[in-house]
Amino acid sequence: MAIVTPIETPAGARRRLAISNPATLQPVGEIEVQNADDVNTALEAARKAQPAWAALSFDERARVIRRALAVVLERQDEFVEIVLSETGKTRSEALMMEIYATCDVMNHYAKNAAKILKTEKKRAHGLMGLMKQVRIAYRPLGVVGVISPWNGPLILAMNPTVQALMAGNAVVLKPSEVTPFSGQIPREIFQQAGLPDGLLQVLVGDGETGAALTAADVDKISFTGSVATGRKVAVACAERLIPCTLELGGKDAMIVCEDANLDNAAGGAVAGAFMNTGQYCCGTERVYAVDPVVDDFTEKVVERVAQLRQGAEGEFDVGAIFWPQQLAIIEEHMADAVEKGAKVLCGGRRNPNLDGLFYEPTVLTNVSHDMRIMTEETFGPVLPIMGVRDEEHAIQLANDSEYGLSGNVWTRDKQHGFEIAQRIITGSVCVNDMSVTYGVQEAPFGGRKNSGVGQVNGAVGLRSYCHAEPVIIDRFGGKQVATMYPHSLRRDEGMKKLMRMQWGTSLGRRLS
Ligand code: NDP
């Protein structure tokens, strides 16, 4: 995330924001905050363009998405530079999280949307099946509002946008004020790919713009961001009685069992905690390792963390904190933990050798659930490790959270890992891996508890950009309903007999 500073503007003029690079503190550019009028203009154009797009075949829509994929491949270096300038993340992270993941999403939905969204023929049960044909058609909703956060500014804008477009919708996208230039890359991509005019509108601005979009005449909101804003979006959508998916924050737990491969688990913990400088919705935010292995595990983690290189230029492993507000939260959580007795094994301060917003990769022990660092989303390069009696204790603590986005379990016994996963109340779990679910396009991804509502990705996610419309066709041209009247006592007796036949015997129940 970048550093965002309001620019003084004359009374009555539009608000402007200056964006700076959080790693180098150099200016990146300025944006004008778009308001409710801009939202309405964008929506009008989107609504006008949508029916013709929806009338195209999946193949025709997929052709545009594939051309867009070619644009991403061709211009990836340019796009990476834009993301780096606003976020200060590492080049490898920009390439992996933003570019690779975006290409994967585009290819997946271009290839599979037709199969997932094709009209389904269903066999109705029992007698109904003799009389009716059932088809379920996946109809686009119309115009989808996509509101995206700053931590994955390209992928978290592109993934919902590509899915909504493949499903036949138009999209109005509002990226975060912290990464407005990365947020405009989707427009560049699709313009060059020849997406018909009006279908993808990008509005830059801040919370005012986002709020205006949720209050406008959209047909669905696909929101990714914090719990607090997600709640406001849910209220706005409830007012308008439109659906929303909310992909919100997390406090993912990692459980290390006694039989875990501790080298792999330590490597997984470090990747889980420090990827994207810890600003990753399903990053590992707390570890529960069983007592017999906690010391060895912690030692291995600290050894690895000591080798991480933090920086702003050249080759490095851990980048900047994307914006000052996040740095403030990290420092508050750390101060609270240390005051309550946490022991800092490494890091625990801003990096004194770098000028930008850098917090050193940090490992903590002696932590407890009285500390904010174990219960609130820290969203920074901080890894608290807690020793626990046994796996039961670990599961109990993992579930002691208002969040439930993802989580991970480390054990050599895959079936046992699966069984533990089933007992964690969370959106998804990895066994001997971390945070990979969002990248597995077949897997529905979404949070439980305060971590979200609904799911993105997979057939469930793609279909959430549609209304599943059942069309019931009478096999006999409407003869049966046409003879509904007159009602008679004789017919009622017939109905009673029919019910006894259908559900009063085991043969009847089996056939019904
Ligand atoms: P925010 O909730 O602050 O912002 C998200 C988006 O909402 C931004 O575009 C923001 O605009 C916009 N917004 C702000 N106010 C409103 C409003 N009243 N109505 C509508 N939109 C509004 O989240 P962050 O950008 O800080 O993102 C970090 C959070 O996102 C973390 O909690 C992280 O866990 C979560 N996240 C969840 C993911 C998931 O898949 N579950 C994935 C990635 C992140 P602006 O920034 O311009 O104010």
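What follows is a dialogue on how some labels in this predicted model are reached.

Student: What kind of model is this, and how are residues numbered?

Tutor: The model is predicted, so local features need pLDDT of at least 70 and side-chain atom pairs count only at pLDDT 80 or more, while totals for chains, interfaces and linings use all residues. Residues are numbered from 1 along each chain as its sequence is written, and side-chain values use heavy atoms, with hydrogens and water left out.

Student: Why is D355 called exposed?

Tutor: Exposed means over 50% relative accessible area, buried means under 20%, and partly exposed lies in between (1.4 Å probe, protein chains only). D355 has 69% relative accessibility, so D355 counts as exposed. D355 sits in the loop between strand 13 and strand 14.

Student: Which label does N432 get, and why?

Tutor: N432 has a relative accessible area of 33%, so N432 is partly exposed. N432 is in the loop between strand 18 and strand 19 (448–449).

Student: Is N457 buried or exposed, and why?

Tutor: Relative accessibility of N457 is 0%, so N457 counts as buried. N457 belongs to the loop between strand 20 (452–453) and helix 16 (458–463).

Student: What makes the phi of N432 and of N457 worth a remark?

Tutor: Most residues other than glycine have a negative phi. N432 is not a glycine, yet its phi is positive, about 55 degrees. N457 is also a residue other than glycine, and its phi is near 75 degrees.

Student: What makes the bond between Y485 and P486 a case to note?

Tutor: Most peptide bonds are trans. The bond joining Y485 and P486 is cis, with omega about 0 degrees. P486 is in the loop between helix 17 (479–482) and helix 18 (489–503).

Student: How do you know that strand 14 and strand 15 pair?

Tutor: Strands are DSSP runs of E with at least two residues, helices are runs of H or I with at least four, and both are numbered from the N terminus. Two strands pair if DSSP finds at least two bridges between them. Strand 14 (residues 362–365) and strand 15 (residues 382–388) are joined by 3 bridges and run parallel, so they meet the definition of a pair. T362 stands opposite V382 in strand 15.

Student: How do you know that strand 2 and strand 3 pair?

Tutor: There are 5 bridges between strand 2 (residues 16–20) and strand 3 (residues 27–32), which run antiparallel. A18 has E30 as its bridge partner in strand 3.

Student: What makes strand 13 and strand 18 edge strands?

Tutor: The open sheet has 7 strands in the order 13-14-15-12-11-17-18, with mixed pairing. Strand 13 (343–346) and strand 18 (430–431) each have a single partner strand, so one side of each is left without a neighbour in the sheet.

Student: What are the distances for E377 and A211?

Tutor: For E377, a side-chain N or O atom lies 2.5 Å from an oxygen atom of the ligand. For A211, a backbone N or O atom is 3.4 Å from a nitrogen atom of the ligand.

Definitions and conventions:
A polar contact is a pair of N or O atoms within 3.5 Å; within protein, one must be able to donate a hydrogen and the other to accept it, and residues adjacent in sequence count only if both atoms are side-chain atoms.
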